[in-house]
Amino acid sequence: MTERQHPDVAEAIRGELRLHDPAVRLSRTLVEDLFDPEFTEVGASGRRWTYEEMLAALPGLHGGEEGPPIVAEAFAGTVLAPGLVHLTYETVIDGRRARRSSLWRRDTAGTLRLYYHQGTPVPDGTPQP
């Protein structure tokens, strides 16, 4: 975290990194704490995921118990409005790169939760950020 980074951006980055932790991905309870109940995702494959679909699938997806880890880098964030943060970053999973975009919003209890996530594959040969 840089000195000029907004605390909400830092909190969203910490949440994003927690979601890459295999121990978190394997725990429905821990993921529920991070996902907004209205969560949706458009994955790098193009598939649209609902809250319940992602909760059920997450333990078996990349970064879970088996398979290659998720390496995340080049985080950038902006506070769009009070309690609403937009993050962008890149991941590398088993040599495949994807650009990621997430919206985190604060709930009525004051917790910042992942509301929307999208991944877009990066074509081979594209320079890194």
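Two strands are taken to pair if DSSP finds at least two bridges between them; helices (H or I, at least four residues) and strands (E, at least two) are DSSP runs, numbered from the N terminus. The model is predicted, so local features need pLDDT of at least 70 and side-chain atom pairs count only at pLDDT 80 or more, whereas totals for chains, interfaces and linings use all residues. Residues are numbered from 1 along each chain as its sequence is written, and side-chain values use heavy atoms, with hydrogens and water left out.

Strand 1 and strand 6 run parallel and are joined by four bridges. Phenylalanine 35 has leucine 114, in strand 6, as its bridge partner. An open sheet of mixed pairing is formed by six strands in the order 2-1-6-5-4-3. Strand 2 (48-50) and strand 3 (71-81) each have a single partner strand and stand at the edges, so one side of each lacks a neighbour in the sheet.

Leucine 87 is in contact (heavy atoms within 4.5 Å) with residues including Val9, Ala12, Ile13 and Trp104, residues up to four places away in sequence not being counted.

Proline 7 lies in helix 1 (residues 7-19) and is exposed (over 50%), with a relative accessible area of 54%. The C-alpha atoms of proline 7 and valine 79 are 9.6 Å apart in space, although 72 residues separate the two in sequence.

Methods
Buried means under 20% relative accessible area, exposed over 50%, partly exposed in between (1.4 Å probe, protein chains only).
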